[in-house]
Amino acid sequence: MRTFSIFFNTIRSMSLKKIFRLLSLVLPHPLFSILSFYATIKAYSIAQKKFPKTASNNGIGNSFRHALWCCLIMMYCCKISSPEKALKFCKRITDLHEELFPNKPLETKMDLHNNKIGMDYFMELLPGTHRQFFEKSFFIDGLEKKMKDAKVLKSLDDEFDGFLVYLDEE
């Protein structure tokens, strides 16, 4: 019930223009949209359990959450469609999320970067596993390993290709 109220309050706080932008993506892809919403809930709950202090701010847990979110969207959408279509939708929905709920520029860069890490990680694992057999644990374990090498993003000019990034808020 709490998830529904968060979702409802989020939609209620959006401008009409933002609601139409969201609808223009989700209405043509109802199954992908439902699966993405489910992935959002799962990624958030997993990250909150694993990183209760940093999953909801700009710390290392947030980088894990964004990458996992994209992996889960890709995993669920690939079970009903091609990896190419899932990737295209995942990129569009996660980019739209950053557009509809803007952050400070450095936070946006961090989120978009970690989203890309998640999508890239899924595509990296794809050739070795049939997409129907992917499980959450594949991504959780792999992303936890990637967290050991995560980099602190300090400037909009920083580039850390292939690494998770987070903001040092201590």
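Student: What kind of model is it, and how are residues numbered?

Tutor: This is a predicted model, where local features need pLDDT of at least 70 and side-chain atom pairs count only at pLDDT 80 or more, while totals for chains, interfaces and linings use all residues. Residues are numbered from 1 along each chain as its sequence is written, and side-chain values use heavy atoms, with hydrogens and water left out.

Student: Start with α2. Which residues are buried there?

Tutor: Helix α2 covers residues 16-26, and Leu22, Leu25 and Val26 are buried in it. Buried means under 20% relative accessible area, exposed over 50%, and partly exposed in between, with a 1.4 Å probe and protein chains only. Helices (H or I, at least four residues) and strands (E, at least two) are DSSP runs, numbered from the N terminus.

Student: What's on the face turned away from the buried side?

Tutor: Leu16, Lys17 and Phe20, which are exposed.

Student: Now packing. How do α3 and α4 cross?

Tutor: The axes of α3 and helix α4 (residues 60-78) cross at roughly 145 degrees and come within 8 Å. Axes are lines fitted to C-alpha atoms, for helices over the stretch in contact, and angles run from 0 to 180 degrees between N-to-C directions. The α3 and α4 crossing is right-handed, where right-handed means the near helix is turned clockwise from the far one by less than a right angle, and left-handed means anticlockwise.

Student: Which residues meet in that pair?

Tutor: Among them are Leu35, Tyr38 and Ala39 from α3, and Phe64, Leu68 and Trp69 from α4. By class, the contact of α3 with α4 has 15 nonpolar, 3 polar and 3 charged residues. Contact means heavy atoms within 4.5 Å. Ala, Val, Leu, Ile, Met, Phe, Trp, Tyr, Cys and Pro count as nonpolar, Asp, Glu, Lys and Arg as charged, and the others, Gly among them, as polar.

Student: And α3 with α5, what angle do they pack at?

Tutor: About 65 degrees, with the axes of α3 (residues 30-50) and α5 (residues 83-100) 11 Å apart. α3 passes α5 in a right-handed crossing. On the α3 side, Phe32, Ser33 and Ser36 meet Lys85, Ala86, Phe89 and Ile93 of α5.

Student: Switching to loops. Is leucine 27 buried or exposed?

Tutor: Leucine 27 counts as exposed because its relative accessibility is 61%. Leucine 27 sits in the loop between α2 and α3.

Student: Where is threonine 129?

Tutor: In the loop between α6 (105-125) and α7 (136-147). Threonine 129 counts as partly exposed, at 23% relative accessibility. Leaving aside neighbours within four places in sequence, threonine 129 is in contact with Phe134 and Phe138.

Student: What does UniProt list as "transmembrane region"?

Tutor: Residues 20-41, from an unreviewed entry. UniProt positions are given in the numbering used here, feature names are shortened, and annotations may be inferred rather than shown by experiment. In the model, residues 20-41 are 86% helix and 0% strand.
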